[in-house]
Structures are given as C-alpha cells and as structure tokens.
Amino acid sequence: MKTYEKSAGFFPVFERKSGPAKDATHYCPGCGHGNVHKMIAEALNDLGLIDRSVFVSPVGCSVFGYYYFNCGNFQAAHGRAPAVATAVKRTNPQAIVISYQGDGDLAAIGTAETIHTANRGENICVFFVNNAIYGMTGGQMAPTTMIGQRSTTTPHGRIEALHGNPIRMAEMLATLPAPTYIERVAIGDSKHIMKARKAIRKALTIQAEGRGYSFVEIVSACPTGWKMDPVHSRDWLIEEMLKVFPLGVFKDESENRDENSWLRRCDAYDPAKVDEYLDRLKSTLGDAAPVALTNDLHCKFAGFGGQGILTLGLLLSQIGMRAGQHVSWFPAYGPEMRGGTANCSVNVCGGRIGTPLVDTPNLLVVMNQPSLDAFADQVIDGGTIIIDSTIVEGRLDSTRLRQVLIPATAIADEVGTAKVANVVVLGALVAATDCFPREFCEDTLRAAIKKRSLVDMNIDAFGRGYEFVKNAR
Amino acid sequence: MARQFMKGNDAIVVGALAAGCRAYYGYPITPASEIAHAAALHFPALGGVFIQAESEVAAMNMVYGTAGMGVRTMTASSSPGFSLKQEGLSYCAGAELPCVVVNIVRGGPGLGNIAPEQADYFQITKGGGHGNYRLIALAPNGAQEMCDLTMLAFDLADKYRNPACIMADGITGQMMEVVEIPTAKVEQWDHSSWAVTGTPDTVGHLVSSITLEPEELEKHNLKLDAKYKRIMADEVLFEKYAVDDADLVVVAYGVVSRIVYSAVDQARAEGLKVGLLRPITVWPFPSEVIGGLCGSAKAFLAVELSTGQMVEDVRLAVEGRRPVHFYGRCGGMVPGGDELLAEFRRLLSGGSR
C-alpha cells in the first residue's frame with residue numbers, strides 16, 4: 001500500500017497558525033490556494049531548493065504563507081512583494097525567491113511593482129493566483145473580476161463602462177522583452193492541475209538555473225467570494241473564466257537563455273576593499289603645509305551661466321582646503337538659477353564657518369551687469385568688488401567699496417579662450433586680497449586642473465589676472 | 001589625512017559605504033538626487049546593489065527586503081518622496097528591521113518647491129506612518145556630519161533593530177565642505193538569529209509585521225515602546241554653543257544652527273548673552289538638557305525653517321518654566337544672521353511675540 005505524506009516543503013505542524021487546528025490550512029473548502037501551495041512545496045522539496053528558498057507573501061488570503069512553507073519567509077506590504085523579492089534576490093542571488101500574489105495585490109495596488117520587476121527580468125518566480133475577487137477583505141471587485149460578476153462593490157455586477165474590463169496580466173507582461181517564461185494555467189479539473197504542477201516546476205527550475213524571470217498565472221476558484229459551492233465554482237471557472245483568461249504559454253525564452261545569464265552579483269562586505277576604494281576618492285591636490293590666511297574671505301561670485309562662476313568658487317575653495325583652512329561652497333540652485341544667472345557663496349576662514357550662505361560678502365565678484373545690480377549693496381563697508389569690465393558696463397559711484405576693474409574676458413581672449421576669464425578673475429582676486437601666496441595658488445591650480453593640456457593656459461590666465469591688479473596699484 | 005571637498009549629499013554615500021551598506025534603492029528627486037548619482041557609481045563598483053526603483057514606494061520596500069536579510073541598506077529622498085516611504089517605514093518599524101532613510105527636506109506642503117525647509121519635522125520625529133513607532137532621527141549641519149552621522153545611523157539602526165533617518169535640508173545637501181574620509185567599519189552586527197537570508201541556517205525565520213491576536217500585538221507594541229524609551233534614555237545627542245551663561249537660549253538644528261553660530265558670535269560681540277543648543281538627534285529630542293537650562297536661561301527661542309514644529313518639543317521640555325519664543329521662515333526662505341540678531345536684541349530688551 002502506498003502512503004501519501006505531507007511534503008517536506010511544508011512545516012510538519014502549522015505552529016504559527018492561531019487556533020486549535022494546527023494540521024489544516026486556513027483556506028476555505030474549494031479554494032485554489034491549497035492546491036497551489038501544495039504544488040510549490042512539493043516542487044521546492046523535489047528540486048532540492050527548500051533550504052535556500054524565501055517565500056514572500058503580501059496582503060491577501062495568502063498573507064499567511066509563512067504558516068506553511070518550511071523555508072525563509074517574508075510577509076510584505078500589499079502589492080510590494082515583487083519589490084521585496086527583487087531586493088532579496090539581488091542581495092543573495094543564490095536564494096530561490098518566490099513572490100506569491102493574488103489578483104488585487106498583483107494587478108491593482110502592486111501593478112507598478114509587478115510590471116517593473118518583470119521588465120528588469122529579475123531572476124525570481126511570480127506565482128499569481130487569479131480568482132477574480134478580493135477574498136480576504138470580503139468579496140470586493142478585483143481587477144480580474146468578470147463582466148457581470150457580482151461582488152460586494154459591484155452589487156449589480158461588473159459593468160465595462162463603470163468598472164473597466166478584467167485585466168489580462170500574462171498577456172500584458174508577455175509584451176516585455178526581459179521575462180523568460182510566462183504561462184497561464186488553471187486549478188480546474190485534474191488535467192489542468194497536472195499542467196499547473198508542470199508550470200510551477202518549470203518556473204522554479206528556470207530560476208535555479210539563473211535563466212531569468214518567470215510568471216505563472218493560476219486561474220483559481222474562490223467559492224466563498226463567489227458565493228458558490230466548491231463543485232460549481234470549478235465548473236464556472238472552466239466554463240466562464242477561461243473564456244476571458246485563455247490558458248497557454250505566452251512567452252518561453254528558457255531555451256534561448258544561458259544558464260546563470262540572469263544572475264546578478266552582490267559581494268559580501270569587505271572593509272579592506274572599501275578602504276582601498278575610498279582612498280581613491282580622496283583629494284589629489286597633494287599635501288601641503290598649512291598656509292596662513294591673511295583675512296577671512298566671505299565671497300559671493302555671480303555672473304551668467306557658462307562663465308565658470310561655480311568653478312571659480314570651487315577653485316578658490318580648493319586653494320583654501322589645500323592651505324588647511326576651513327572652506328564652504330554653496331551654489332544657488334533652483335529658481336535663482338532661472339534666466340541663466342549663476343552664483344555661489346564661498347567662505348574661506350581660519351576658524352569654524354558659521355553660515356555657509358554669504359548674505360553680506362566682504363568680497364564680491366561680478367561677471368555680468370545684473371549681478372552688479374543685485375549684489376553690490378550687500379557688500380560690507382570697506383569690502384572689495386571685482387568687476388569684469390569687458391562685460392559689465394556699469395560702475396559704482398560709491399566710495400564705500402574698493403573697486404577692482406579688470407577686463408577679464410578680454411585678457412582671457414588674449415590667452416586663447418574666453419573660457420578662462422574665471423581664472424583671470426581668480427588671479428585678480430588673489431592679487432587684490434593677498435589671501436594666499438601666488439606660487440601656492442598656482443601649484444594648487446596645476447593639481448586641480450584635471451586635463452593636463454589645459455594647465456599652461458590656466459596658469460597663464462591666472463598670472464595675467466594677478467599681474468594686472470598688482471601693476472595697477 | 002585623506003580629505004576631499006565634497007557635497008553633503010555625496011558625503012552621505014561615503015559614510016554609507018564606510019558603514020558597510022551594501023544595497024541602495026532610490027528614486028530621483030531634487031534636491032536629493034546627488035545621493036542616487038553617487039550610489040549608482042559607487043555601490044556597483046564595490047560589488048554592491050544599486051536599483052533605481054519604479055517608485056519611492058518600491059524603493060522603500062526593497063529596503064525592507066535587504067534589511068530583512070540583516071544586510072545594511074538605505075534609500076534617500078526629499079519631502080514628497082519621503083511621504084511615499086511612510087508605508088515601508090511603518091512595516092520596517094513593525095518588523096524591527098534596521099535600515100537608513102535620508103530625507104533632504106524641501107519646501108512643502110504638496111509639491112512645494114525644491115528650496116530648503118525643515119517642515120518634515122513632525123513627520124520624521126512623531127512617527128510619520130501608521131501605528132506606534134518612532135524613527136531614530138539625526139540632523140547633520142555640515143558635510144562632515146552628513147558622512148559621520150550616516151555611519152552612526154547604521155550603527156543605531158542595527159543596535160535597536162529600527163529604521164534610522166538622516167534629516168537634512170537642501171543647503172546641507174548641496175553645499176560643499178572639506179570631509180575627512182572615514183575608515184571602513186570592521187565590526188559588524190550579528191543578525192543571524194532572526195534574519196531571512198535564503199540560506200539553510202535561516203530556514204524557519206520570519207520577517208513580518210503582522211500579529212493577528214490583539215493580546216500579542218499589544219505585547220509587541222509595548223516591547224517596541226520599551227525599546228523607544230531605552231533610545232530616549234541612551235542616545236540623545238546635542239551640541240552646546242555659548243549656552244551655559246546665556247540669558248537667551250536659541251534651539252536650532254541643521255542648517256539653521258549654522259546661521260545661529262554666526263548670529264550668536266555677533267550677539268556676544270555686542271555683549272548680548274545668547275547661546276545655541278543644537279539637537280543632533282531630533283528624535284530622541286534633548287528634552288532633559290533643555291529643561292536643565294531653565295535654571296540659567298531667561299528665555300528660549302526656537303528657530304526653524306517651518307511655521308513652528310520643533311518649538312512644540314521645546315515647550316514640552318521647558319514645561320512653562322520660561323517663555324519659549326519662535327522665529328521661523330519657510331517656503332525656502334532662510335533667515336539671515338542680521339535678521340536673527342535683530343530678533344535676539346528685541347527679545348532681550350523685553351519684546352515678545
């Protein structure tokens with residue numbers, strides 16, 4: 001005599017289940033979940049995958065998948081199982097990951113996760129139990145509810161004009177290039193069940209071999225939600241549901257995809273490797289002995305976008321950093337950037353920097369007229385304003401400020417390109433403030449400019465700006 | 001010394017890598033996107049995971065997946081995106097999963113704008129999603145702290161098996177400062193007793209936030225509550241700046257504290273006794289130290305980029321013993337140092353709001 005035992009894919013006793021009946025599932029008589037659970041548990045065990053399997057059950061009747069499956073279990077938020085499954089698989093590509101979802105979960109609240117997980121071709125199995133109703137929450141309309149079918153939220157039956165049509169997920173997903181295998185099966189008669197069993201095994205095998213994403217839609221009965229007895233439910237499923245949800249393979253690329261071609265990589269944390277990597281991110285300006293700063297600089301740089309205003313601020317910041325000073329750089333971003341203007345605040349200080357925003361600069365650089373109009377009044381008494389006199393026509397009549405006029409763009413043209421006008425201004429700034437020694441600044445520029453071929457031009461530009469101011473004194 | 005001049009947003013990623021974070025899940029949003037840009041570059045280069053998710057909701061649930069495996073993971077966003085993460089955060093808190101979530105707070109409500117604000121304070125410090133839970137919330141005020149507090153956030157998340165949040169703002173995210181690049185953490189937390197990793201040794205483990213029986217769910221909530229009380233007792237961080245003899249104690253965090261440093265210096269130069277108490281953890285809030293200052297301070301002033309959120313916690317800490325004033329700008333407007341100085345002068349000469 002042959003004895004049939006519960007698969008080792010299930011827990012021997014369902015201890016996590018509340019109530020006295022620890023050997024039976026919580027599913028209703030005639031529900032398809034029991035069949036599908038059994039087929040998955042048997043397949044995981046037979047294929048030798050159960051030890052490394054992770055079963056993700058989101059909200060719906062199958063939220064209690066973890067009562068039954070003798071593997072690792074995640075309970076997930078409504079519709080999010082594919083996102084959770086994606087992360088589990090990516091973090092441990094050797095895990096066998098199952099996203100087990102109902103129709104509301106997969107095709108309504110979790111539609112985005114469903115489509116994008118398929119579109120990324122995640123190497124997981126999605127088992128989709130389509131029973132055309134919300135079971136857990138009390139028989140409401142599902143995205144797969146049939147036209148005319150009554151539910152607690154379509155009391156007069158589903159009407160196309162009001163509720164849309166039942167959605168065919170297998171067909172939709174089959175339009176995507178990435179998925180490997182998409183089939184719709186049914187828990188109808190025994191012939192259907194044997195086909196479903198085969199599809200589930202195939203999907204798990206594809207995953208185990210690293211051949212990519214599988215989606216098995218299982219049309220299934222919900223006698224309680226449908227308000228039918230189990231026998232009539234299965235007849236209705238076969239006679240009515242399969243008209244809208246035809247069975248078949250919608251996509252099968254399993255033969256065309258190499259083993260492990262869809263396995264992604266995630267290495268374990270290795271502090272030594274991280275240290276080595278982070279070392280590459282450090283500044284390449286080279287070590288320098290601290291260089292004294294004559295006066296704290298609170299600068300505002302302003303001009304048109306494309307004049308290298310932000311870069312000018314960054315170059316001064318890098319000189320300050322290499323000199324061992326405290327430095328901050330903050331770009332205006334968002335609405336202030338409209339109209340093609342750019343500005344940034346830079347602080348270079350001997351001590352800790354308070355606000356990184358420079359509202360009242362002691363040094364203002366303006367490279368266009370609107371910037372002069374906007375910021376000149378903010379400069380503190382006795383402050384310095386450097387003006388690119390090639391571009392800016394206006395002059396301040398105030399004696400409150402020290403004005404440095406330099407035809408920076410014209411000088412840059414002489415050097416070879418107007419693009420280095422910002423570096424001409426930097427030379428002028430260093431000369432006007434004597435903040436750091438000229439040579440130190442030039443050394444920093446040489447290290448900071450990544451493109452070797454541009455170094456000489458920039459040093460030339462810097463030197464001309466510097467000389468212009470020094471000679472004007 | 002390994003240093004680099006970098007954006008606060010980039011410093012977060014450096015801190016995360018050095019903390020052993022292996023997986024980043026994100027969705028683009030200004031002004032937090034640089035975090036995703038840096039993660040996209042660095043995580044795969046170090047054999048880690050980077051996914052640009054289909055939504056903030058999906059990104060947060062991906063964090064739930066990796067966190068449930070006991071592996072360090074994070075996501076980052078800005079206010080509207082952070083709202084979408086509340087579902088996943090509640091699930092992480094319920095299932096007690098350690099993870100780090102960054103919010104580079106911008107102007108709200110609704111789509112608001114992309115300028116700096118601090119108006120997500122309630123959402124971050126009072127729970128945000130459904131149910132009884134808290135986020136451990138750290139508020140850096142410069143690029144170095146963006147790095148260092150991210151590392152600390154991972155440690156605290158692991159220590160308490162709870163999500164931790166970095167609450168920064170558009171300025172702290174966008175500005176560049178000199179950052180000392182940290183050494184990678186060697187010690188790692190052992191989550192092998194509960195995590196689900198898809199390996200034979202974790203078969204039978206369950207990551208879940210569902211507890212059907214009311215008696216059991218009450219027990220679970222009380223257990224979480226006891227954990228939150230331990231965090232409140234042990235993990236409060238703050239900075240005092242010129243505060244011990246201050247008549248007026250300013251309470252401010254994040255970028256606002258930077259403006260207040262400058263304003264306090266100016267006030268002191270005028271002989272005004274003003275000091276700053278800066279919460280570094282905005283949850284747990286430094287209530288005890290603020291209460292303790294009631295002996296020396298004559299009044300408190302909360303300064304925020306909001307219409308008044310943290311000020312409620314200052315009032316709870318002061319318990320009516322001293323006046324608690326409020327000064328706020330919002331919508332992306334940031335107070336200038338002079339503006340704050342004028343407020344200090346007004347309050348110290350007997351004015352009030």
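The following dialogue asks how some terms apply to this predicted model.

Mentor: Local features need pLDDT of at least 70 and side-chain atom pairs pLDDT 80 or more, while totals for chains, interfaces and linings use all residues. Residues are numbered from 1 along each chain as its sequence is written, and chains are lettered from A and ligands numbered from 1 in the order in which they are written.

Trainee: Why are helix 1 of chain B and helix 2 of chain B called oblique to each other?

Mentor: The axes of helix 1 (residues 8-18) and helix 2 (residues 33-45) of chain B come within 8 Å and cross at roughly 40°. Helices here are DSSP runs of H or I with at least four residues, strands are runs of E with at least two, and both are numbered from the N terminus. Axes are lines fitted to C-alpha atoms, for helices over the stretch in contact, with angles from 0 to 180 degrees between N-to-C directions. Under 35 degrees is roughly parallel, over 145 roughly antiparallel, 65 to 115 roughly perpendicular, and the rest oblique. Helix 1 and helix 2 of chain B are therefore oblique.

Trainee: Which residues make the contact between these helices of chain B?

Mentor: Helix 1 of chain B supplies B:N9, B:D10, B:I12, B:V13 and B:L17, and helix 2 of chain B supplies B:E34, B:I35, B:A38, B:A39 and B:H42. Contact requires C-beta atoms, placed from the backbone, to lie within 7 Å. The residues divide into six nonpolar, two polar and two charged. Ala, Val, Leu, Ile, Met, Phe, Trp, Tyr, Cys and Pro count as nonpolar, Asp, Glu, Lys and Arg as charged, and the others, Gly among them, as polar.

Trainee: What divides chain B into domain 1 and domain 2?

Mentor: Domain 1 covers 3-234 and domain 2 covers 238-348 of chain B; such bounds come from an automatic or database domain assignment. Between them, 25 residues of domain 1 of chain B are in contact with 22 residues of domain 2 of chain B. Helix 6 of chain B gives the most to the domain 1 side, with four residues.

Trainee: How many residues does each chain give to the contact between chain B and chain A?

Mentor: Chain B gives 70 residues and chain A gives 61 residues. Helix 3 (residues 56-67) of chain B gives the most to the chain B side, with six residues.

Trainee: What makes strand 9 of chain A and strand 8 of chain B a pair?

Mentor: Pairing needs at least two bridges found by DSSP. Strand 9 (residues 326-331) of chain A and strand 8 (residues 176-180) of chain B have two bridges, in the antiparallel sense. B:M176 is the bridge partner of A:W329.

Methods. Two residues are in contact if their C-beta atoms, placed from the backbone, lie within 7 Å.
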